[in-house]
Amino acid sequence: MNLFFFVFAACQLTFHIYAYPNGAPKKVCTGSMVPHHHHIEPQPPTTSPITKFYTAWNPDNETISIQIESNQPIKGIFVQGRKIDGDEPLGTFIDIPSVTHLVQCPTGDGITHSSPQKWKQLELTWKKPKSMNSQDQVQFWATIVVDFQNFWVVKSASTELNNQ
């Protein structure tokens, strides 16, 4: 009986430590974007390894270019576009980098890592939904994971969707 309990507990621990090497699950589509890492809280945003979280509006094709850079290798990422003070994703990502894939959510898409391969730089392209107008502002949220205990939820500056 004790051996069974030990094996069961070891399997559970292994599952939780290595649970999402292929990206964030759909259940993170809304809300705080904090991973479910057994009551481990995110690190303060001021200590984030992200050195660049740049966004630029392109009115010609109604997309936003996003550049994310880190000063240390990133193991996992989840990014969404949201209206300012919103808690649901909107829009979608196009020209998906090979190290990522879409997480399709009911109101818009997120993008996450496809493997446990680490990286320090990522460029993304986000397409606005037709329902947004030129006075709306979007902000990008990113969950950045260095390891199981060290992760951050960071936000970009807001980007206005104007046609100038």
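This note walks through the predicted model point by point, from its overall layout to a few side chains worth a look.

1. **Ground rules.** Since this is a predicted model, local features need pLDDT of at least 70 and side-chain atom pairs count only at pLDDT 80 or more, while totals for chains, interfaces and linings use all residues. Residues are numbered from 1 along each chain as its sequence is written, and side-chain values use heavy atoms, with hydrogens and water left out.

2. **Overall layout.** The chain has 1 helix and 10 strands; these are DSSP runs numbered from the N terminus, with helices being H or I of at least four residues and strands E of at least two. Read along the sequence, the pattern is α-β-β-β-β-β-β-β-β-β-β. Buried residues make up 40% of the 164 residues in the chain, where buried means under 20% relative accessible area, exposed over 50%, and partly exposed in between (1.4 Å probe, protein chains only).

3. **How the strands pair.** Two strands pair if DSSP finds at least two bridges between them. Strand 1 and strand 2 run antiparallel and are joined by 8 bridges, and F53 has I68 in strand 2 as its bridge partner. Their hairpin has 4 residues between the strands, and E62 takes a positive phi near 55° there. Strand 2 also pairs with strand 7 in the antiparallel sense, over 8 bridges; Q67 stands opposite E123 in strand 7. Strand 4 meets strand 7 (residues 119-127) over 3 antiparallel bridges, with T125 in strand 7 as the bridge partner of I94.

4. **The largest nonpolar core.** A nonpolar core is a set of buried Ala, Val, Leu, Ile, Met, Phe, Trp, Tyr and Cys residues joined through side-chain atoms within 4.5 Å. The largest one has 25 residues, of which I66, V79, W126 and F140 touch the most other members. At least two residues of this core come from each of strand 1, strand 2 (63-74), strand 3, strand 7, strand 8 (137-147) and strand 9 (150-155). Strand 8 gives the largest share, 5 residues.

5. **Salt bridges.** With a salt bridge defined as a side-chain nitrogen of Lys or Arg within 4 Å of a carboxyl oxygen of Asp or Glu, the count comes to 2 salt bridges. K52 forms one with E69, the closest N and O atoms being 4.0 Å apart. This pair links K52 in strand 1 to E69 in strand 2, 17 residues apart. K52 is partly exposed at 30% relative accessibility, and E69 is partly exposed at 26%. K83 and D136 also meet in a salt bridge (4.0 Å, N to O). K83 lies in strand 3 and D136 in the loop between strand 7 and strand 8, so the pair ties together parts that are 53 residues apart in sequence. K83 is partly exposed at 38%, whereas D136 is buried at 16%.

6. What does the side chain of R82 contact? R82 lies in strand 3 (residues 76-83), and its side chain makes a polar contact with that of Q80 at 2.7 Å. A polar contact is a pair of N or O atoms within 3.5 Å; within protein, one must be able to donate a hydrogen and the other to accept it, and residues adjacent in sequence count only if both atoms are side-chain atoms. R82 is buried yet has no salt bridge, and the nearest side chain of opposite charge, D87, is 6.1 Å away. For charge, Lys and Arg count as positive and Asp and Glu as negative, while His and the chain ends are not counted.
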